[in-house]
Amino acid sequence: MSAPNIETIVSLSKRRGFVFPASDVYGGLGSSWDYGQLGVELANNIKRSWWNWLVYERDDIEGLDSSIIQNRLVWKYSGHEQTFHDPLVDCRTCKNRFRLDKLVDVDCPNHAGVHPGEDKECSLTEARAFNLMFRTTVGAVSSDEDENALAYLRPETAQGIFINFKNVLDTSRRKLPFGIAQIGKAFRNEVTPGNFIFRTREFEQMEMEYFVRPEDAQRIHQEWIDGFQTWLQSLGISAANMSLYEQTAEELAHYAERTVDIMYRFFPEREDETKQWDELMGIANRTDYDLRVHSKKPEDAEGKRINPDSTEDLSYFDPQTNERFYPYVIEPAIGVNRTLLAVMMDAYTEKTNDKGEVRVILKLKPELAPIKVAVLPLAKNNDGIVSLAKKLKHDLQPSMRTVYDDTGGIGKLYARQDEIGTPFCVTVDHESLEDNAVTIRDRDTWEQERVGIEDIREYLQKRLMK
Ligand code: GAP
């Protein structure tokens with residue numbers, strides 16, 4: 001089973017410390033969220049899995065961490081200043097703003113069950129283009145309107161990679177095909193954010209730009225579409241909750257030749273099956289668009305440089321064929337936050353205990369679980385048990401994230417760990433003081449096994465690897 005809806009995950013997240021509403025003490029800030037003590041661990045584990053898979057386990061990808069604020073010209077030549085818009089309409093009656101292309105996804109605030117514009121009282125304006133980039137000013141300026149100081153918070157991490165293509169190429173001596181991977185925050189002034197952490201104005205991306213010969217682009221694009229489905233399944237996301245969507249010519253971004261989205265069933269409660277899906281990630285063939293537009297050399301049909309501001313040429317010289325050309329780029333781009341939501345939804349399970357009580361189990365892959373082991377003393381007033389349990393916690397902690405908890409009865413403590421996805425609970429009891437052994441309880445089966453304390457680290461490490 002997986003979560004019946006996003007609301008279930010919202011409630012679990014707040015109750016247990018995965019995600020909290022941001023600025024809560026001041027009434028919150030629309031669609032902004034803070035990651036709590038468990039959420040930050042889960043997000044870090046997802047990012048680590050992505051980075052390990054791409055940068056460490058392969059031989060052809062380098063990492064990068066570029067600036068969030070870049071020269072404004074980056075966004076001029078990437079096309080974002082001109083084209084990174086959503087079509088916006090206002091309702092003269094309810095004074096709300098909507099995305100024209102998403103009207104069918106929302107209800108009219110005054111008339112539940114109908115979309116904005118559908119009721120006779122609705123009065124929508126003509127659509128106008130709204131640029132999604134957050135603006136800021138750099139340095140001590142006289143006015144916020146000072147065009148010379150204008151800068152943007154990056155709306156995607158990708159451009160930082162393109163403008164560093166030559167730096168990485170020259171210093172790493174890479175040959176095509178090779179990739180550059182980056183994880184970092186991105187910002188979009190979304191018109192209709194919402195659905196918890198699904199669409200927010202501040203989010204985190206994991207993007208990899210894979211540079212290839214133009215003739216290899218189609219084949220390699222398909223390889224990454226297949227590869228990412230496998231990686232997502234390794235995170236515990238079931239194939240049944242994923243599907244592929246081929247973007248139509250009208251939907252393709254200005255730079256893309258082909259884009260395939262991996263969709264996740266974020267809305268299982270919707271009756272219409274086609275509306276249950278939304279984008280988890282996109283995998284685009286961006287052609288040579290980006291490297292060309294940031295280069296000083298390419299000219300338009302009239303012989304004019306398309307980029308008179310660039311000081312570099314981001315082409316590639318192939319020493320085997322003695323050819324110089326602009327590589328094509330295959331880009332798998334995925335949000336950390338959406339991945340975290342999909343992972344939590346898919347891991348969500350309910351199980352009924354002997355007493356007929358329904359318990360929540362978050363069946364996270366051990367690699368992703370925020371806490372790997374919880375050490376629980378059976379009697380918190382017994383000094384021997386407590387000090388043995390605390391010693392065990394400290395001994396295990398350097399090799400696996402371990403917590404000690406004595407704030408409830410054992411049934412309650414088990415239930416709490418199940419709900420946050422801790423794969424193993426270790427219980428220290430009166431017998432442990434005699435036989436130097438503890439009970440290990442499995443989160444998914446609730447089976448218990450007695451293990452000697454001297455073997456416990458190796459035992460847990462082996463089982464956490466599965
Ligand atoms: N460089 C290409 C690019 O940025 P995108 O489809 O706009 O492509 C990639 O974004 C991924 O980033 C999305 O598939 C999604 O997972 C995540 N993402 C985009 N906008 C988001 C938002 N407002 N909130 C949360 N995640 C978002």
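1. For the classification used here, Ala, Val, Leu, Ile, Met, Phe, Trp, Tyr, Cys and Pro count as nonpolar, Asp, Glu, Lys and Arg as charged, and the others, Gly among them, as polar. On that basis, the shell around the ligand is made up of 8 nonpolar, 4 polar and 9 charged residues. The model under discussion is predicted.

2. There are 21 residues around the ligand, of which Glu 156, Arg 188, Thr 200, Glu 207 and Glu 279 come nearest. The side chain of Arg 188 places an N or O atom 2.8 Å from a ligand oxygen, and a polar side-chain atom of Gln 205 is 3.0 Å from an oxygen atom of the ligand. With Phe 198, a backbone N or O atom is involved, at 3.4 Å from a ligand nitrogen.

3. On its own, the ligand has 560 Å² of accessible area, and the protein covers 90% of this.

4. The structure contains 34 salt bridges. One of them joins the side chains of Arg 401 and Glu 41, with an N to O distance of 3.5 Å. Arg 401 belongs to the loop between α10 (383-396) and β20 (402-404), whereas Glu 41 is in helix α2 (residues 39-56), so this pair ties together parts 360 residues apart in sequence. Both partners are partly exposed, Arg 401 at 32% relative accessible area and Glu 41 at 24%.

5. A salt bridge also connects the side chains of Arg 213 and Asp 318, at 2.5 Å from N to O. Arg 213 lies in the loop between β10 and α7 (217-234) and Asp 318 in strand β14 (residues 316-318), which links parts of the chain 105 residues apart. Arg 213 and Asp 318 are both buried.

6. Arg 359 and Glu 357 form a further side-chain salt bridge (3.1 Å, N to O). Arg 359 is partly exposed at 27% relative accessibility, as is Glu 357 at 32%.

7. The structure accordingly holds 0 disulfides. Both cysteines are buried, Cys 108 with a relative accessible area of 5% and Cys 122 at 14% relative accessibility.

Key. Residues numbered from 1 in each chain as written. Predicted model: local features only at pLDDT ≥ 70, side-chain atom pairs only at ≥ 80, totals over all residues. Heavy atoms only, no water. Disulfide = S-S within 2.5 Å. Buried < 20%, exposed > 50% of the residue type's maximum accessible area, 1.4 Å probe, protein only. Near = heavy atom within 4 Å. Polar contact = N/O pair within 3.5 Å; in protein donor to acceptor, adjacent residues only side chain to side chain. Areas by Shrake-Rupley, 256 points an atom, 1.4 Å probe, with all protein chains shown as cover. Salt bridge = Lys/Arg side-chain N within 4 Å of Asp/Glu carboxyl O. Helix = DSSP H or I, 4+ residues; strand = E, 2+ residues; numbered from the N terminus.
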